[in-house]
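Reader: I would like to go through this model slowly, asking at each step what the words rest on. Could you show me where to begin?

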Amino acid sequence: MRSAHRVETVRTAERTLMARLPEGALMQRAAAGLAAACADVLPRRVYGSRVVLLTGSGDNGGDTLYAGARLARRGAGVTAVLLAPDRTHPDALRALLRAGGTTTTAHSATTPTALARADLVLDGIVGIGGRGGLRPDAAHLADLLADSPATVVAVDLPSGVEPDTGEVRGAAVRADLTVTFGTHKPGLLVDPAREYAGSVRLIDIGLAETLPPTPALESLQHADVAALLPRPTGESDKYRRGVVGVAAGSTRYPGAAVLAVAGALRGGAGAVRYVGAATEAVLARYPETLVSNTGPKKAGRVQAWVAGPGAGDDPTPVAEALASDVPVLLDADGLRLADRDTVRTREAPTLMTPHAGEAAALLGVSREEVEAARLTAVRDLARAYDATVLLKGSTTLIATPDPDTPVRVNPTGTPWLATAGSGDVLSGLAGSLLAAGLPPLDAASTAAYLHGLAGRYAADGAPTGAHDVAEAIPAAWRDITRTVPYHP
Ligand SMILES: NC(=O)C1=CN([C@@H]2O[C@H](COP(=O)(O)OP(=O)(O)OC[C@H]3O[C@@H](n4cnc5c(N)ncnc54)[C@H](OP(=O)(O)O)[C@@H]3O)[C@@H](O)[C@H]2O)[C@@H](O)CC1
Ligand SMILES: [K+]
């Protein structure tokens, strides 16, 4: 599991740890890890390379100067661009000068040339102490840096991104690599900030000893997903493995039903029961589906319903699914047709799977607002509906209504998944995992992980269709479980 903690939590853990260590020890650990990461990404050896340090007046600048000193001692030519020369971390600046580094200022005539000729630039303008958009001097440096061909390493965070929310207001540094200390920060895992971070390397500075066990955000890895995926046992028959009901599709949109069933068949439930107007299309493609042309109420027993993909404007099937006592997944038209109070007062869990536009409509805000502040949007929606919410997009997020439960971030997405019908496959897959008995947070995050991985397999660097994504799910499942012993 990869986890991220908010700034306030990091600060508290840092204070406790610092009290146990000699002064300056944490900054030295950070700088040592940072310098090593820089040496790894330099295109040639450290000796003779040109390194520029963008240096703010806080400890982020201090880390950067100490790392620069280490690189200078190994023969790099290091220049620090100081944003506030009289307030720069004094010990760190002395260390750099002693190692042979030089300094200049943000508006010096030589700064643009230094940036243009650099092999490597370290962004130490601000870290977790940065708030609001970058101030003009700092924004000027970020703009100059955007035109430099140098490799950019952000120190702790790309300057200009909001550490706790992943929002980016105005200018921000775009890094090739972010070297972060102690724990990930939420902004490193959530778009739009995540995109500014490039790849992310975590340096262990011993903070894990003093961080609380529950993070703000977590991101499942292969082993976590393998442990959550349902496994049939010798006792299993199709009903014990769970039956998932799919109330989807219409005469106008039969494809949505076929794709939701395609996802559902690959999600671990023992059987898929389809109700709706697309029975012919579903049976033609998947003859193993149980079909009925009644609504969910009379369709027979299921362990979870998926309601809404391509459903059109008839609210009855959605209402009937919500009236059941089993988990319900609402997607697409189902999100629009569901009555909020009914969702809030249900005893059984509800899982909602909107994309940004659908989430915006439900929250009464613009799509842009949701995309700029995805973490806030997913939490607000989960609270408003008292439901688990999976917000689809460039970084898919899953939140429960409980503010103390970490939000999950899916790490496996691919831009190729932004294709028609891909959401229908995901809804069937997640519904199937609900029917197999997974709690909504686990069903949603496991489904997103599988779906993202299947999307990568299906695309393999080229455009792909939702159908191919569904067909790649078993390969993704096998890849995840292969490394885990005793998985059938
Ligand atoms: N936590 C840990 O365990 C460890 C933390 N460590 C490191 O410490 C870092 C945190 O250091 P920090 O607290 O000194 O804050 P930091 O990020 O340097 O920013 C403050 C400076 O930025 C300025 N500033 C603020 N907003 C701005 C803006 N919008 N635009 C421009 N400037 C702005 C602000 O100016 P002021 O408001 O004072 O005028 C002040 O000068 C952390 O990220 C990590 O790198 C490691 O050493 C080891 C262990
Ligand atoms: K930074």
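Reader: What makes a residue count as part of the surroundings of ligand 1, and which are the closest?

Author: In this predicted model, a residue counts if its C-beta atom, placed from the backbone, lies within 6 Å of the ligand, and 28 residues surround ligand 1 on that basis, the closest being Gly58, Asp59, Asn60, Gly127 and Gly129.

Reader: How is the shell around ligand 1 made up by class?

Author: The shell has twelve nonpolar, ten polar and six charged residues, where Gly is counted among the polar ones.

Reader: What does UniProt list for residues 221–480?

Author: An unreviewed UniProt entry lists them as "domain: YjeF C-terminal"; over this stretch the chain is 46% helix and 13% strand, with the end C-alpha atoms 9 Å apart.

Reader: Why is helix H10 called oblique to helix H18?

Author: The axes of H10 (residues 254–265) and H18 (residues 422–435) come within 6 Å and cross at roughly 40 degrees. Angles under 35 degrees count as roughly parallel and those from 65 to 115 as roughly perpendicular, so H10 is oblique to H18. The crossing is right-handed.

Reader: Which residues meet there, and of what class are they?

Author: Residues of H10, including Ala256 and Leu259, meet residues of H18, including Asp424 and Val425; by class, the contact has nine nonpolar, five polar and one charged residues.

How values were computed:
Residues are numbered from 1 along each chain as its sequence is written. Chains are lettered from A and ligands numbered from 1 in the order in which they are written. This is a predicted model: local features need pLDDT of at least 70, side-chain atom pairs count only at pLDDT 80 or more; totals for chains, interfaces and linings use all residues. UniProt positions are given in the numbering used here, feature names are shortened, and annotations may be inferred rather than shown by experiment. Helices (H or I, at least four residues) and strands (E, at least two) are DSSP runs, numbered from the N terminus. Axes are lines fitted to C-alpha atoms, for helices over the stretch in contact, and angles run from 0 to 180 degrees between N-to-C directions. Angles under 35 degrees count as roughly parallel, over 145 as roughly antiparallel, 65 to 115 as roughly perpendicular and the rest as oblique. A crossing is left-handed if the near helix is turned anticlockwise from the far one by less than a right angle, and right-handed if clockwise. Two residues are in contact if their C-beta atoms, placed from the backbone, lie within 7 Å.
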